[in-house]
Amino acid sequence: IIIFKLLFIVYRNFPFKFFDTLSHVRKRNMSFFGVCGCCGALRPRYKRLVDNIFPEDPEDGLVKANMEKLTFYALSAPEKLDRIGAYLSERLSRDVARHRYGYVCIAMEALDQLLMACHCQSINLFVESFLKMVRKLLESDKPSLQILGTNSFVKFANIEEDTPSYHRSYDFFVSRFSEMCHSSYEDPDIRTKIRMAGIKGLQGVVRKTVNDELQANIWDPQHMDKIVPSLLFNLQSGERTESRSPSPLQATEKEKESPVELTERCFRELLGRAAYGNIKNAVTPVLMHLDNHSLWEGKTFAVRCFKIIMYSIQSQHSHLVIQQLLGHLDANSKNSATVRAGIVEVLLEAAAIAASGSVGPTVLEVFNTLLRQLRLSVDYELTGCYDGSTNIGTKIIKAHEERQLQEAVIRTIGSFANTLPTYQRSEVMLFIMGKIPVPGVHPALSSKDSGPEGTRMIQVMLLKSLVQVTAGFDTTNMLTALPTSFLEPLLSFSLTEDPEIRLLVLQILLSLIDRHDNAPKFLNVSIISDISVLKLKVDKCSRQDNLFMKKHGQQLYRHIYLGCKEESSGQQHYEALFALLGLLSMELANEEVVVDLIRLALALQDLALSTDEALPVFNRCAIHAVAAAYLNLICQLTTVPAFCQHIHEVIELRQKETPYLLPEDVFIENPKLPSSLEKVEGEVLFLQSKITEVLGGSGYNTDRLATPYVPQYTDEDRLSKRKSIGETISLQGEVESRNSPEKEEEITFETLKNAIVDSVGMEEQERERRRQVVEKFQKAPFEEIAAHCGARATLLQSKLNQIFEITIRPPPSPSGTISSGYGQTQSRSVPIYEMKFPDLCVY
Amino acid sequence: MLSFKVMYCQCICLCILQFSMSMEDYDYLFKIVLIGNAGVGKTCLVRRFTQGLFPPGQGATIGVDFMIKTVEIKGEKVKLQIWDTAGQERFRSITQSYYRSANALILTYDITCEDSFRCLPEWLREIEQYANNQVVTILVGNKIDLAEKREVVRQRAEDFAQSQSMLYLETSAKESDNVEKLFLDLACELIREAKQNKLDNNDTAPMPGEGKAISYLSCCSVV
């Protein structure tokens with residue numbers, strides 16, 4: 001021994017050119033000791049100490065006293081650790097080979113104790129042989145040894161080392177533990193044990209490597225592709241068996257952790273440690289696994305997985321997951337509707353969890369993807385096949401599945417929008433608006449083969465998405481939140497023949513204007529004798545609100561008026577229109593607006609009376625009812641007693657004589673209406689003169705009140721439809737009416753005041769417009785500019801043409817708007833929504 | 001001081017090297033992965049080779065299975081780490097991750113099942129995509145004990161294997177025909193390649209089965 005020690009000291013201090021020779025010497029020494037192995041006295045001390053810990057009979061277990069001696073020796077001579085480890089491991093492999101499992105366990109126990117007792121710095125010397133032994137155990141096909149090895153590994157993994165190690169490779173462990181997670185051992189108990197050992201092992205590997213920069217990166221796809229599916233497999237299989245047999249027996253065993261819980265914990269830990277760059281590698285295998293095991297259809301598991309993911313990862317990374325999901329959705333756009341619906345469902349849940357962080361920096365990209373899916377789904381539903389003709393007729397598209405998908409997409413859009421701040425939300429609203437095809441206006445944008453039906457469906461879908469986006473929309477400044485470029489196209493939709501679309505537009509308007517949750521209180525049209533029961537919430541109308549009404553008030557009134565006039569309007573429409581009137585007076589009313597609204601209500605009454613329009617009886621009654629209900633509301637809001645009295649009188653009289661003119665009788669399931677509505681006159685009508693009189697007494701603008709309301713028509717009406725020959729006539733009529741006193745009056749004092757107040761806003765608008773023009777010329781492709789310039793050159797010509805063609809078809813785009821001679825309409829030549837996203841608009 | 005440290009470290013590394021060499025119970029370690037359609041008999045081949053039994057009514061493999069066997073070839077101990085993968089489509093993502101580190105792939109088909117043969121090009125694409133490009137691939141037609149039900153003629157398979165420059169062998173896990181030969185041939189081939197690599201690269205690059213020892217040296221040069 002002394003010789004050996006001396007040699008070793010010499011060996012340590014010699015310059016390294018003598019290494020080779022020395023190592024030979026040592027090797028010879030070693031073999032010498034090997035030969036004399038039988039004579040214990042000549043064996044090195046560490047070997048004797050190691051041998052002594054093994055009892056005669058493996059049943060007796062580790063010899064505690066000797067183990068202490070060994071530990072003491074190892075601690076006092078840490079440089080010997082490597083050799084102790086090596087010798088132990090040699091013994092262990094021999095015992096494994098000879099099936100002496102008792103000794104194997106003892107050796108492992110000793111190793112564990114040594115590992116725990118040693119200081120961090122010295123572990124490095126020892127770990128190599130330790131890992132070799134664990135590997136040896138894992139290689140055996142005895143489950144007990146595998147579990148033994150794993151447990152030791154886990155103990156080792158929990159030791160925090162402070163010195164990095166260069167030469168450990170965990171490849172085998174990752175592979176083997178992943179394999180154990182999939183164990184299909186016959187005995188279910190043992191199988192569960194092996195699988196749990198596998199999971200624990202993976203957890204250990206992750207713990208060991210995740211913070212060690214010198215390790216092969218555990219986040220590499222080659223490892224993640226093994227770890228993640230193994231975890232998911234256990235998560236999923238556990239779920240399956242649990243739901244199958246929740247027997248009372250299992251309940252008692254619940255105290256032990258089930259593999260599913262363990263897996264979930266491990267999965268969460270893994271994700272919690274993922275840094276920005278690693279999220280992708282961790283999530284991709286999840287997507288793959290869900291694909292391969294076709295788990296999207298079932299939804300529940302996929303949703304559960306992503307809930308775990310979203311709750312576990314660091315919140316600032318959540319948008320990465322969303323992006324990956326969106327990318328996956330795109331990749332699956334040719335897959336069956338149920339798969340897509342599953343992904344969308346997951347997106348919905350994930351977005352809700354990630355809340356504000358879910359959308360990330362690419363807001364419009366998120367919405368663009370969702371809208372594209374919506375569009376694809378509509379196309380699939382209409383054409384009945386996926387356009388890729390490669391998969392010939394293998395998949396039959398089920399319309400109802402596509403419908404479900406569309407609903408899910410729309411809900412998801414809403415859920416994303418809810419996470420956005422107001423300014424981004426209005427941006428998104430504009431974006432969606434820009435995508436809505438206007439028939440005949442953007443022929444290039446409307447879907448290729450689906451024709452008018454497709455266009456309509458897309459309109460409906462996109463408007464539904466808008467309804468979702470606008471739900472809960474709350475802005476302090478209406479003017480910036482609802483720019484002209486959004487409001488105008490929206491309102492133009494409110495004049496289409498399609499009742500469904502009109503209703504959607506009304507819903508959007510309602511949720512936009514409603515800022516104090518008053519809308520639900522107006523859902524039913526009814527005469528309420530005391531409106532305080534509604535507990536309406538009112539804020540003072542701000543300056544911006546006044547500006548907004550000045551700018552857009554007339555448009556809104558007109559649309560309400562024309563909306564009432566539509567024959568196809570049903571109960572829901574009238575309810576929505578009433579709510580809109582109510583909300584306008586709650587949210588945006590100043591004195592002037594109140595006057596206008598009263599005029600509007602009276603004009604509605606006139607509309608219901610007039611015989612020019614061939615309106616059905618129901619519509620007439622409904623209009624009467626809406627007017628009555630609204631006047632009842634507004635009179636109580638103005639709190640002018642005489643006004644209230646007049647309204648009350650009329651209503652009371654109606655209740656007696658003509659109940660079919662009141663909402664309570666009209667808006668029910670089977671309203672009892674007279675076959676014709678001939679003699680509605682006298683006391684049952686609200687009188688303009690009377691109202692003017694009583695309101696004039698309270699300081700309202702009587703001049704204005706006395707003038708009956710006549711809706712102003714603008715060019716945008718023509719965007720919607722109107723194709724009859726009668727149209728031209730009415731158009732001329734409109735032009736005349738515009739030049740009539742009504743218009744004249746507008747231009748007087750009011751307009752001047754407006755001009756002064758608005759001038760700042762106008763200037764800004766002008767500047768914005770210039771900026772856009774410059775931007776357009778800078779960014780747009782050459783062809784576009786050329787086309788634009790060309791268009792300008794032929795503007796006059798086209799104007800003329802368009803005026804002639806008006807009766808045949810609507811003008812090609814709002815940018816070329818003609819407007820029979822109104823400079824005002826020309827100035828907003830190119831709507832912002834078209835310019836901002838030129839490339840995104842193109843499908 | 002620094003030079004002393006370097007020396008010390010080298011010394012330790014050498015010690016470990018020596019011990020690990022003396023302690024290691026094999027000369028070569030090779031990872032072999034079995035792939036092929038579901039139900040062609042991959043698991044049975046492995047069981048026959050490692051445990052010498054033919055499990056009747058063997059269920060479908062879940063994910064991956066692992067076996068180990070040490071054989072001696074010309075006096076050298078060769079440890080074969082055999083990863084037996086599931087053929088089912090749904091486990092494809094996890095099985096693919098095992099190709100990468102494989103030294104050899106055993107691509108298996110069932111001679112009584114035309115379909116399993118027709119899928120071979122698909123498997124080859126997978127190999128191309130996921131496996132290391134130096135991997136040794138051998139094509140195996142299993143179940144020759146069911147000769148009367150044969151659907152794929154030997155010649156056809158041989159031609160196919162030749163065109164893809166693969167080795168070809170027909171086996172029966174049930175009758176234990178050619179199973180031993182399959183793995184031993186593969187081991188010989190791998191040893192040959194390893195040795196050739198050693199010569200070619202003049203000991204610089206790690207070669208299959210000996211990555212361990214070399215990495216110690218390279219770590220020393222880093223220190």
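This is a predicted model: local features need pLDDT of at least 70, side-chain atom pairs count only at pLDDT 80 or more; totals for chains, interfaces and linings use all residues.
Reader: Where does B:Ser176 sit?

Author: In chain B, in the loop between S6 and helix H7, which covers residues 179–201.

Reader: What about the phi of B:Ser176?

Author: The phi value is positive, near 60°, and the residue is something other than glycine.

Reader: And what is phi at A:Thr639?

Author: About 55°, again a positive value in a residue that is not a glycine. A:Thr639 belongs to the loop of chain A between helix H28 (617–638) and helix H29 (641–657).

Reader: Is A:Thr639 buried or exposed?

Author: Exposed, since its relative accessibility is 58% and the cut-off for exposed is over 50%.

Reader: Changing topic. How many salt bridges are there?

Author: Counting over all chains, 31. One of them pairs A:Glu381 with A:Arg403, with 2.9 Å between the closest N and O atoms.

Reader: What does that pair tie together?

Author: A:Glu381 is in helix H18 (residues 363–383) and A:Arg403 in helix H19 (residues 399–418), both of chain A, so the bridge joins parts that lie 22 residues apart in sequence.

Reader: Which of those two is buried, and which partly exposed?

Author: A:Glu381 counts as buried at 16% relative accessibility, whereas A:Arg403 is partly exposed at 42%.

Reader: Where does the bridge between A:Asp596 and A:Arg599 sit?

Author: Both residues are in helix H27 (residues 591–609) of chain A. Because they are three residues apart there, about one helical turn separates them.

Reader: Are A:Asp596 and A:Arg599 buried or exposed?

Author: A:Asp596 is buried, with 5% relative accessibility. A:Arg599 is buried too, with a relative accessible area of 3%.

Reader: What about B:Glu170 and B:Arg154 in chain B?

Author: Their side chains form a salt bridge, 3.4 Å from N to O. This pair links distant parts of the chain, 16 residues apart: B:Glu170 is in strand S6 (residues 167–170) and B:Arg154 in helix H6 (residues 154–163). B:Glu170 counts as buried at 3% relative accessibility, and B:Arg154 as partly exposed at 40%.

Reader: On to helices. How far does H8 of chain A reach?

Author: Helix H8 has 15 residues, 143–157, and spans 21 Å from its first C-alpha to its last, close to the 21 Å expected at 1.5 Å a residue.

Reader: How many residues of H8(A) are buried?

Author: Eleven of the 15, so H8(A) is largely enclosed by the rest of the structure. Among the buried ones are A:Leu145, A:Ile147, A:Phe153 and A:Phe156, and the list also includes A:Gln146, A:Thr150 and A:Ser152.

Reader: And how long is H25 of chain A?

Author: Helix H25 runs over residues 543–565, which makes 23 residues. From first C-alpha to last, H25 reaches 32 Å, close to the expected 33 Å.

Reader: Where does H25(A) bend?

Author: At A:His552, by about 60°.

Reader: How much of H25(A) is buried?

Author: 17 of its 23 residues are buried, so H25(A) is largely enclosed by the rest of the structure.

Key:
Residues are numbered from 1 along each chain as its sequence is written. Chains are lettered from A and ligands numbered from 1 in the order in which they are written. Side-chain values use heavy atoms; hydrogens and water are left out. A salt bridge is a side-chain nitrogen of Lys or Arg within 4 Å of a carboxyl oxygen of Asp or Glu. Helices (H or I, at least four residues) and strands (E, at least two) are DSSP runs, numbered from the N terminus. Buried means under 20% relative accessible area, exposed over 50%, partly exposed in between (1.4 Å probe, protein chains only). The expected span of a helix is 1.5 Å times one less than its number of residues. The bend at a residue is the angle between axes fitted to the seven residues ending there and the seven starting there.
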